[in-house]
Amino acid sequence: LLGCILIHETSQGIASGKIVETEAYLHDDPASHSFKGKTQRNSVMFGSAGHAYVYFTYGMHHCFNVVTNREGIGEAVLIRALEPLEGIELMKQRRGTADIYELCNGPAKLVEALGITREHNGSSLGRGPLRIVVPKEKRYFQIARTQRVGISKGAHLKLRFIIKGNGFVSRQ
């Protein structure tokens, strides 16, 4: 997913960004929502790859994930940061900041900046108003693999991936 473009078209306009940071959550991972099995909340994770898994956390934020495994295996990749590309003024308005580096440098921030809501949970990311596109032009970059951030269980697992040297990741 690194280097792919996340696009959201709304009545307010289009907002998009290049995915520069992700975290994987595997079925046997104690930090994964799917670790203890399928529930009403996490059922989308057990669906087919390429769908959005959007959930509410800490009683105040939404997070956006991409379901990544075959049907029946609950795995997803959290999108942690984007490099803003299109709709930057709209993102600034939604986030209430003029600092381009603060627009999408965290999972809750990028959801707010792009206008993603819980209603997108389960939607296909292949086409439609919320989608992920592979850029036509190949861009080469180095990938760094680190421990995940902001969790306690499974934090030691090196399942966080960033575009090395990109100034828009949440934490260097």
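Colleague: How do helix α1 and helix α2 pack?
Modeller: This is a predicted model, in which local features need pLDDT of at least 70, side-chain atom pairs count only at pLDDT 80 or more, and totals for chains, interfaces and linings use all residues. Residues are numbered from 1 along each chain as its sequence is written, and side-chain values use heavy atoms, with hydrogens and water left out. Helix α1 (residues 88–95) packs against helix α2 (residues 107–114) at an angle of about 115 degrees, and their axes are 7 Å apart. Axes are lines fitted to C-alpha atoms, for helices over the stretch in contact, and angles run from 0 to 180 degrees between N-to-C directions.

Colleague: Which residues make that contact?
Modeller: Met-91, Arg-94 and Arg-95 of α1 meet Lys-109, Glu-112, Ala-113 and Leu-114 of α2, where contact means heavy atoms within 4.5 Å. These residues divide into 3 nonpolar, no polar and 4 charged.

Colleague: How many helices and strands are there in the protein?
Modeller: The protein has 2 helices and 8 strands. Helices (H or I, at least four residues) and strands (E, at least two) are DSSP runs, numbered from the N terminus. The order from the N terminus on is β-β-β-β-β-α-α-β-β-β.

Colleague: Changing topic, how much space lies in the largest pocket?
Modeller: About 750 Å³. A pocket is an open set of points on a 1 Å grid over the protein atoms alone, where a 1.4 Å probe fits, with protein on both sides within 12 Å along at least five of seven lines; lining residues have an atom within 4 Å of a point.

Colleague: Which lining residues are the closest to its centre?
Modeller: Of 35 lining residues, the closest to the centre of the largest pocket are Tyr-55, Thr-57, Tyr-58, Gly-150 and Ile-151.

Colleague: And what volume has the second largest pocket?
Modeller: About 300 Å³. It is lined by 13 residues, and Gly-3, Pro-135, Glu-137, Lys-138 and Arg-139 are the closest to its centre.

Colleague: What does the C-alpha trace span along its principal axes?
Modeller: The trace spans about 40 × 35 × 35 Å.

Definitions and conventions:
Ala, Val, Leu, Ile, Met, Phe, Trp, Tyr, Cys and Pro count as nonpolar, Asp, Glu, Lys and Arg as charged, and the others, Gly among them, as polar. Grid points are joined across faces, edges and corners, and a volume is the space filled by probe spheres set on the points.
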